[in-house]
Amino acid sequence: MKKALLVLSILLLAGGLAFSAGQQGGQETVLLTCAIHIPDIPEKFGEFLEIFASENPYIKIDYTTIEDVETFLKPKAATGLMPDFISINGGDFGADLVDRGILIDVSNTAAAKNTVDAVKPQFTSPQGKLFGIAGGVSSSLVYYQKAVFKDLGISPPKNWDEFLKVNQTIKGAGKTAIIITPVDGTIANTAWSHGFANNIVPSNTDYFQKFDKGTMNLDTEAHADVFAKVKMLADRGYTQGGLLSTAYMDGNQLYVQGKSVQHFAGTWLAGMLLPTEFETDVYPAPWNASGKTKVPIVATETGWGVAEGPHKKEGIMLLDWLNGPGFHYYQNARGNIPHVKDPMGEVKLDAKIKTYIDDVYTYKLTAGLWFEFIPAATMQLIPKLYQEVLLGQKTPREAAAAFDKAAKDAVK
Amino acid sequence: MRKKKMLGYHRRRKLLINLVMLLIMLALLMPLWYVLNNAFKAEQEIVRRPLVLRPQDFTMDSVIRAFRALKYPARFLNSSIILVVSCFFLVTLGSAAGFGIALSNSRFLNRIYTILVAIITLPFQLAMVPLIFMLKAMGLINSYLGIALVYTGWFLPFVIFLYTGFIRTIPKELEESGRVDGCSLLQSYWHIYLPLLKSITGTVLILRGVPIWNDLLVPMITLTRSTLATLPLKLFSFIGQYGASMTRWNLVFGGTFVVSLPILIVFLALQRLFIRGVVSGAVKG
Amino acid sequence: MSDTSTIRNYKGSRRKWSATTRRRFSCFLFVLPALLVILVFFLFPMLRSLQYSLTDWDGIGKEAKWVGLENFIWVVTESSFRQVFINTFYLIILYVPVLNVIALLLAIAVYNVGKVGNVYKSILFFPNVLSMTVVAFIWKIIYSYNGILNQLFRAFGLESLAQDWLGQAGTVLPAMSVSIIWFAIGYYLLIYLAGLYNVPVEIYESAEVEGVNPVQKLFRITIPLIAPSITINIILSTIGIITLFDLPFVLTRGGPGYMSETIALRVYSYAFVTLQTSYALAMAVILGIFAITITLIQLRFLRRREDVLL
């Protein structure tokens, strides 16, 4: 009898504990898996997610940072193991995922309604579904040390020829003129995209569609020049030592330490690159030939999407929060250009960047960033091709031809 | 150690060798010192004085931050569970298989043994891709069991090789006398042989345990949930962000130190065993 | 010890299980679980790899059309493959001889210094207990353009030696090899040491008496007598370097360009980066064939020398 009572009471206790453990706000705990690509503020972003979780106690966050969106998500999509909430770039990869039903269409979310229309096309699939919300408006430009420019009596160059002259002057003063980062996608964000924008977009304004159909012809001198320009900078000694082993963060670090006078990087790095000890200013990348109008880059930043699955409701909640009440945390930490209509909080945007982007908005013709329009399978080729050109293993024309072939093969 | 005649020639030669070895040791330890001393500095000091650790610069701050950033206790637990389960499988299945092969006198089993030894040379990459899909189909992705089975399948041939070699050195009379006393094979295995296998099991644990603990590839391709990440995997994602994440050197060095610590401690405490383990493994070869 | 004669079994007759057969069966049962795990989790996927390498399976869907050797041809004629193959081969040459020579010399040194050799043994083995990720990372920092190695060169006025070790085609593989040797030396040293201990002391002592000089001792006595250890180490280190993934991956990702990409890295790249599964499998099969061939050649060569020398 006593034994039975003991057993019963233990069972009751256990049941009570289990019951209360499962009860959190009257709902079952949801573990929201988040895979985020945010290389400049990985920890901070985790903190933002925790703020969201604290406002919704029944949600627990499982946060992974990922290095490269497509590389990480492809196998997950293939094996059906998508995280609930993911970073996603505008472009063909995400479009494919939403049309296959792996990502959900977020057109009717509060987040989408709060997003400016300009950043929606890159995140819209051929079937008209919106697969993600951009993480910001982005562009890439040249950051430079104001004091050095003043000392050397130079001013921001407006075209490629002036750019070469400026670099030559800096080199003559014994300094590194510009940082180029060929190890990873950074070079595609900068040199390749601007080269493509200025050399190829003016005569191919329908390049988005051409890439989709595989009719974009890239085995051209214009495209070869995109590679040749970087080689020229390296050959003339304008770039940093250890060029071929400089990766994204290495480049940023070099600039912040004052080891180079200029740095070609994205607007999303303003938060890190502007508050240097020396005064830093920016100017639009001078990849246009003299006499030709610049084609600036207006593009989207890596954004977010929600996967189809049992937690999509919570995923949408997070999406709406990040693009609404929680937006200012994210934006303030990065200082990037907002993509939302109503930021619901203070926006920290450096005046210099604001000036830059307002100026860019005045241009009639702009282009996107590489990952928004090239086939997903060719993305890792661009840095590799630059490396081969810099090593002297491929001529710029050969690199152009190789990319052309890969882009066409990918669409087959 | 062997006795040597204490000729002046020998003493001089010993001295010379010792000197050279000392230099080599220094060169060898330099990279380790580089990491170690920077793990205990604040960020600015790392950049300013990368090789010298002044007492006034000493701080546990980097290590602690790295510890937190890596979510260390959870990762440690993951790595440990995977290690224990894998080793459990390897030891039980491997010793049983070694026992069966060594004692059977069967041509069939001997042929199997030869094939197993040949399998040791096959690269993991050959099985890698279909293995993931298979694990997924079996629902073993994101599970300790799944990873343990992968390691087991991969390393069993080598482990069986070690056990078989060792058991073969045990006199057959042992088993025969056991049989005379009425022991079935199972009882023989359990009561007679298993206790004798302690030393070779130690070898197995060291030779395969360390690589399993430190492995990057298998967790990288079989785990999707970060909560299950192992220590090396977490460290890699930590530093793998676009090259050496130099913006937070203190975290990186602190992290490296703190991830290597458990194995370093175990190694220092058991170094005799480690070395004996490798040596006896080599002799079996 | 069998107590019954074996009875021929022919169609239709019952086979009587002799004690021997029963015993063999029981032994087999001991081996079975292990065999099952190996079969399911290693061999079966391997066979699938072989099978799928002959199809166009994309790793996602169910369809897999037979394409014969098309994947192999594509993968081998792809422009950077030649470099990848050369890299793998070059790395073997940079690594295996250097590692083994150093390990052997160090083993002999440790053998000759007496008690303090124990300390040397432990220190030399130390790097091997570290995770390869950690090792790669340490060396990545050391080799970086503004890293410690270059800083030392510059501090000692050897400016010209300070270079981009991991970013130059000519230096990346040797630099990688050094870091791998640093990691593995202790392990191979211990194996050679074990081999040395197996040599009867008397042989050395009589050599002493006969006034054999060290060089002769090394080549005429030591090496022939530890031939089995040499064989093992060469084969193990070769297989190790061929399949090595963790370290090159973290150290260089195969760069610059494709100058440090090995076949093992290629497999990963096709499987998880470009997601061309059928190419990944073809490359894996090539890797397997490469590994087996080299091992067999080495075995042939080394075993024969072993016999001759003994």
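At 53% relative accessibility, A:E221 counts as exposed; the class requires over 50% relative accessible area, buried means under 20%, and partly exposed lies in between (1.4 Å probe, protein chains only). The model is predicted: local features need pLDDT of at least 70, side-chain atom pairs count only at pLDDT 80 or more, and totals for chains, interfaces and linings use all residues. Side-chain values use heavy atoms, without hydrogens and water, residues are numbered from 1 along each chain as its sequence is written, and chains are lettered from A and ligands numbered from 1 in the order in which they are written.

A:E221 forms a salt bridge with A:R397, with 2.7 Å between the closest N and O atoms. A salt bridge here is a side-chain nitrogen of Lys or Arg within 4 Å of a carboxyl oxygen of Asp or Glu. The pair links distant parts of the chain: A:E221 belongs to helix α10 and A:R397 to helix α17 of chain A, 176 residues apart. Helices (H or I, at least four residues) and strands (E, at least two) are DSSP runs, numbered from the N terminus. A:R397 is partly exposed, at 33% relative accessible area.

A:D225 and A:K229 meet through their side chains at 2.7 Å, N to O. The two residues are four apart in this helix, so about one helical turn separates them. An α-helix has 3.6 residues a turn, so residues three or four places apart point the same way. A:K229 is buried, with a relative accessible area of 7%. A:D225 is partly exposed at 26%.

Helix α10 of chain A spans residues 221–235 and has a kink of about 30 degrees centred on A:F227. The bend at a residue is the angle between axes fitted to the seven residues ending there and the seven starting there. Buried residues of α10(A) include A:H223, A:V226, A:F227 and A:L233. Their cover includes α7 (160–172), α8 (186–199), α16 (381–391) and α17 (396–411) of chain A; contact means heavy atoms within 4.5 Å. After the helix comes A:G237, with a positive phi near 75 degrees.

Over all chains, the structure holds 17 salt bridges. A:D281 and A:K146 form one of them, at 3.5 Å, N to O. A:D281 lies in strand β8 (residues 280–284) and A:K146 in helix α6 (residues 146–152) of chain A, so the pair ties together parts 135 residues apart in sequence. A:D281 is buried at 15% relative accessibility, whereas A:K146 is partly exposed at 32%. A salt-bridge network links A:K146, A:E279 and A:D281.

Nonpolar cores were also identified; each is a set of buried Ala, Val, Leu, Ile, Met, Phe, Trp, Tyr and Cys residues joined through side-chain atoms within 4.5 Å. The largest has 191 residues, and those with the most contacts inside it are B:M21, B:F124, C:Y95, C:I241 and C:L247. Helix α7 (residues 169–197) of chain C gives the most to this core, with 18 residues. Domain 1 (5–44) and domain 2 (72–309) of chain C both contribute residues, so the core lies between them. Domain bounds come from an automatic or database domain assignment. The C-alpha centres of these two domains of chain C lie 42 Å apart. Not counting residues up to four places away in sequence, B:M21 touches C:L106, C:A109, C:V110, C:Y120 and C:L124. Apart from this core lies another, of 130 residues, with A:I133, A:F149, A:F196 and A:F227 among them.
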